[in-house]
Amino acid sequence: RRNCRGNPNCLVGIGEHVWLGEIDENSFHNIDDPNCERRKKNAFVGLTNLGATCYVNTFLQMWFLNLELRQALYLCPSTCSEYAAGEGIPKDKDYEPQTICEHLQYLFALLQNSKRRYIDPSGFVKALGLDTGQQQDAQEFSKLFMSLLEDTLSKQKNPDVRNIVQKQFCGEYAYVTVCNQCGRESKLVSKFYELELNIQGHKQLTDCVTEFLKEEKLEGDNRYFCETCQSKQNATRKIRLLSLPCTLNLQLMRFVFDRQTGHKKKLNTYIGFSELLDMEPFMEQKNGVYVYELSAVLIHRGVSAYSGHYIAHVKDPQTGEWYKFNDEDIEKMEGKKLQLGIEEDLAEPSKSQTRKPKCGKGTHCSRNAYMLVYRLQTREKSLTVEVPAFLQELVERDNCKFEEWCNEMAEMRKQSVARGKIKHEEVKELYKRLPAEAGSPYDFISLEWLQKWLDESTPPKPIDNTACLCSHGKLHPDKISIMKRISEYVADFFYRRYGGGPRLNVKALCKDCVVERCRILRLKNQLNEDYKTVTNLLKITVKGNDGFWVGKASLRSWRQLALEQLNEQDEDAEHSNGKMNGNAQNKDESNEEKREEEEELNFNEDIVCPHGDLCISENERRVVSKEAWEKLKQYFPKAPEFPNNKECCSQCKILEREGEENEALHKMMASEQKTSLQNLFHDKCRPCLGSWPQETDELYIVSQFFVEEWRKFVR
């Protein structure tokens, strides 16, 4: 039911329905269950997106699930002096990693044994100097970080640590050039950490690898200088794969440079790939084991090369189950199968939608995958990586902080529930006694405050009734509509509990304001009738000196002036309390503007001269009867009064006579001056046009412009 806002006795629909009946405990607080932030059993830990760092999170999760890399990083000695001395980390000192390896160590330890659902990688991101608000090229980030990590680990004494990047990610290929003339073959061996595969014009991953290794002809201006022939010769060049790493990173070149626009663009074409990849047909030596199985798919969601979202599908090497890593959220795929799903259901910029090709068993296709990671197939059991004691101590310390936070949040929830239950019973009891019974003492209190009292989300402040007071310090009649009449018993409780004031009981009703409002209302109702009466009285010719002078402009607009004046009095009465809403200064300024307007519009002031007396111009005024004047005085009691026999302002008369004399004198002087100037022009200037005037001893030079302007003036 809705509240009757104009009725101070209506106490329904002010927020009481929340408290009546049984209430769910969760409604007593706005604190989320801290257990929702707790890591679930056998689940992985997520990473917070710091703004635009989702691409970093995908690589961190992928590298974390490379057990060999994680184990090697754990073997890196710490540079922390306290730990190196065997003293452990002081409890009052926060651990601050000093190197990239230490940051990665600590991050991997938290990902492995933290109790949190997700952790914050800001220390690692800050150490790399990355801008968290700008999305970087993910493929470029992968290359640069691997180079940095390899350089950092190369200083380690332990060969298992020093060589981990080369062992896991580094392969070799050779650029082989064959001279067509002599058949000489030259090789340039090079290392690689990933193969960059062009996907334009291809549908399958194997086609992209074939193009990467295809033979290129060197002819014309591009001919090859043969050392044997000692001259430029036609030749062929191709790449031969010499060795492959344990982890084969295949970069699909989705982000390419568009020559027409001068910007990068994303190729949203489908590429098919299998869960098993046999690389033997592509190798120079065919006698090795080159069967790889898919271990990660990195996805870029979005149609633009400059924006979008990065996620990773990674297989757990210990269980063989697939997981989708999306920043803080991690989802386990059903049935140990890779399911790209919604990652491919994205709108393309063009109207023509490319249909998704059919994929057989063990194969997948994607238009958003930009990196495929394959692991060399092996029958060996996966590693069991233990967190070193030093790192485990740091993880346990962070877990203790998390548990303290959970306990603190749980206690806050518990206290909120306890307070809510007390408030529930209190409100139910007080609401029953809220209405004031007939003949019993009562108080007025604002509806807004009552609603805040019933709203647990906004604890009520002390009661403030100053905004509802009139100029006499009592309850303003127009504020009754936003007040509610409650019993004295409940009012006593409110003022004891919350304080404030002033209290507005039955004695607070202002009789003076009511009488004034009634007078204004009576005049408003009477105005139309009086207008007709005055109009008829103005038609009567006034005889003798019985009438009064009234301005013609005032007579034309007196009804409008009276109505505006009554409305202003009404508004002034309504806003008589300058403290309302704490806007006293602004209201004073607005009242000043109103007073200025009123001064311009005051009745009968259009015939008042600057000296405060009757003006001398009879064209601006007329005589009205005594009866008409008395009617007008009811509406304009402060209007200036001028009886018919009232003399005009004596000062204005003197000034008028002086003005007429001055005007006549001015005309006479102007005429004489013009005549003398004309004579001067004829007598003095004309001769100088031909020869020097004889009667003058001195001559003066003036500008020609002045002479021409003077001539115009004289003529």
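Colleague: Why is Lys264 called partly exposed?

Modeller: This is a predicted model. Lys264 has a relative accessible area of 29%. Buried means under 20% and exposed over 50%, so Lys264 counts as partly exposed.

Colleague: What makes Lys264 and Asp137 a salt bridge?

Modeller: Their closest N and O atoms are 3.1 Å apart. The cut-off is within 4 Å, so the pair qualifies as a salt bridge. Lys264 lies in strand S12 and Asp137 in the loop between helix H5 and helix H6, so the pair ties together parts that are 127 residues apart in sequence.

Colleague: Asp478 and Arg517 also meet in a salt bridge. Is Arg517 buried or exposed?

Modeller: Arg517 is buried, at 16% relative accessible area. The limit for buried is under 20%. Asp478 comes to 27% and counts as partly exposed. The N to O distance of the pair is 2.5 Å.

Colleague: Which residues of H4 make the contact?

Modeller: Gln105, Tyr106, Ala109, Leu110 and Asn113. On the H10 side, the residues include Leu391, Leu394 and Asp398. The contact residues divide into six nonpolar, four polar and one charged.

Colleague: How many salt bridges does the rule give?

Modeller: The count comes to 24. Glu185, Lys187, Arg240 and Glu284 are linked in a network of salt bridges.

Methods. Residues are numbered from 1 along each chain as its sequence is written. This is a predicted model: local features need pLDDT of at least 70, side-chain atom pairs count only at pLDDT 80 or more; totals for chains, interfaces and linings use all residues. Side-chain values use heavy atoms; hydrogens and water are left out. Contact means heavy atoms within 4.5 Å. Helices (H or I, at least four residues) and strands (E, at least two) are DSSP runs, numbered from the N terminus. Ala, Val, Leu, Ile, Met, Phe, Trp, Tyr, Cys and Pro count as nonpolar, Asp, Glu, Lys and Arg as charged, and the others, Gly among them, as polar. A salt bridge is a side-chain nitrogen of Lys or Arg within 4 Å of a carboxyl oxygen of Asp or Glu. Buried means under 20% relative accessible area, exposed over 50%, partly exposed in between (1.4 Å probe, protein chains only).
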